[in-house]
Amino acid sequence: HTTPHRTDGQRRFALDAMSLEGIALDETLKVDSATVAESAVLSRLADNEKEIQHLCEELARLKRPGSTVNDLRQLMENASALQAKAAVPQSMLSKEVLLQAGVPVEELEQARRLLAALDACENAAAVCSRQSLAEARSSSAAPLEGFRRLLSSWEDLRKAEKKVKREDLSSPFAAIDFGMERRQQTLLPVCQKMLEEVRTVGNAEEQRQLDSFFSQAWFRQALASLGMEVPGEEKGSRGRSSSRSRPSPRSTSPVATDQSAATFAAAAAAAEA
């Protein structure tokens, strides 16, 4: 069975005869005109104008002093709820359409990146804090990879927080307290514990791997930023150093984790990438 070919005029007549609200969003992909598909998405988003306005107001409130990471997570949860209510497939959410509908796409994408950095650091810390070196050996061929991931995620978080706090003063998240000092105090004993275990019970391969870590400036800087005395690095320093000496580890304590948050802007970011 073959579908008869329609001329452009017949196609326009058929589309004009349709009620836009009656077009299922997943069916608009089959329509030749991209404009009709975008109009359907905009119509669906327009039905949630109040929710979009509430999202913008919530974003504006984050600029007030005293805003917390929990407030940021709530913003993203509300954005995710808005997307679910609008029932728009992510494949049809372009940045241009979302901006036209009044959705603060760029701010939501920045919020997603911040929460991703926070969650990566928290999750890596949770793994390292509950695993001894021996346990890490039994579950991984590279037992120190979790330790490397922890310091790498801490560096990523520091960079993200610095960008918001000191480099991008127009960011709506500049007033948020990311609890960096508390996180630093929590991560410090986790790192001290791992270094002590490698020093006392680590095998030759683990010693070699740790030496390799210390040959990298970012690794030494990450430890120094946590408050460890790393020869050749100042505490909190980002400068380069040729020193590969190790710091002296001390005791440790467990670290708590936060839950991940969804993002409404992820599809738009992917569409633009």
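I take a salt bridge to be a side-chain nitrogen of Lys or Arg within 4 Å of a carboxyl oxygen of Asp or Glu. By this rule I count twelve salt bridges. The model I am working on is predicted.

**Entry 1: salt bridges**

I looked up Glu 51 and Lys 85, which form a salt bridge with the closest N and O atoms 2.4 Å apart. Glu 51 belongs to helix α3 (residues 49-61) and Lys 85 to helix α4 (residues 69-86), so this pair ties together parts that are 34 residues apart in sequence. I then checked accessibility at both ends. Glu 51 is partly exposed, at a relative accessible area of 27%. Lys 85 is exposed, at 51%. The value for Lys 85 is 51% and the cut-off for exposed is over 50%, so I note the label together with the number.

Next I took Glu 196 and Arg 199, whose side chains meet in a salt bridge at 2.8 Å, N to O. Both residues lie in helix α9 (residues 180-201), three residues apart, which is about one turn of the helix. Glu 196 has 26% relative accessibility and counts as partly exposed. Arg 199 has 52% and counts as exposed.

Glu 205 is partly exposed at 45% relative accessible area. Arg 208 is partly exposed at 47%.

I also noted a network of salt bridges that links Glu 109, Arg 112 and Arg 113.

**Entry 2: helix α10**

I stayed with α10 and asked which of its residues are buried. They are Glu 206, Gln 209, Leu 210, Phe 213 and Phe 214. I then looked at how they are placed around the axis. They cover an arc of only 140°, so they sit on the same side of α10.

What covers these buried residues? I found that the cover includes α7, α8, α9 and α11 (217-225).

At the N-terminal end of α10 I found a cap, Asn 203. A side-chain oxygen of Asn 203 lies 3.1 Å from the backbone nitrogen of Glu 205.

**Entry 3: aromatic rings**

I list four aromatic pairs in the structure. One of them is Phe 214 with Phe 219, edge-to-face, at 5.1 Å centre to centre and 75° between the planes. Phe 214 and Phe 219 are both buried. Trp 218 and Phe 219 have ring centres 5.8 Å apart and planes at 80°, so this pair is edge-to-face too. I checked the angle against the cut-off, which is over 60 degrees for edge-to-face.

Phe 219 counts as buried, because its relative accessibility is 0%. The cut-off for buried is under 20%.

I then collected the rings into one aromatic cluster, made of Phe 147, Phe 213, Phe 214, Trp 218 and Phe 219.

**Entry 4: Ser 153**

I looked up Ser 153, which lies in helix α8 (residues 145-167). Ser 153 is buried, with a relative accessible area of 5%. Where does its side chain reach? The side chain of Ser 153 reaches the backbone oxygen of Leu 150, at 2.8 Å. Leaving out residues up to four places away in sequence, I found that Ser 153 touches Ala 120, Cys 121 and Ala 124.

**Entry 5: Ala 134**

Last, I looked up Ala 134, found in helix α7 (residues 133-139). Ala 134 counts as partly exposed, because its relative accessibility is 47%. I also took the C-alpha to C-alpha distance from Ala 134 to Val 198, which is 10.0 Å. In sequence, Ala 134 and Val 198 are 64 residues apart. I note again that α7, the helix of Ala 134, is part of what covers the buried residues of α10.

Key. Residues are numbered from 1 along each chain as its sequence is written. This is a predicted model: local features need pLDDT of at least 70, side-chain atom pairs count only at pLDDT 80 or more; totals for chains, interfaces and linings use all residues. Side-chain values use heavy atoms; hydrogens and water are left out. Helices (H or I, at least four residues) and strands (E, at least two) are DSSP runs, numbered from the N terminus. Buried means under 20% relative accessible area, exposed over 50%, partly exposed in between (1.4 Å probe, protein chains only). A polar contact is a pair of N or O atoms within 3.5 Å; within protein, one must be able to donate a hydrogen and the other to accept it, and residues adjacent in sequence count only if both atoms are side-chain atoms. Contact means heavy atoms within 4.5 Å. Rings of Phe, Tyr and Trp (its six-membered ring) pair if their centres lie within 6.5 Å; planes under 30 degrees apart count as stacked, over 60 as edge-to-face and the rest as tilted. The arc is that of the directions from the helix axis to the C-beta atoms.
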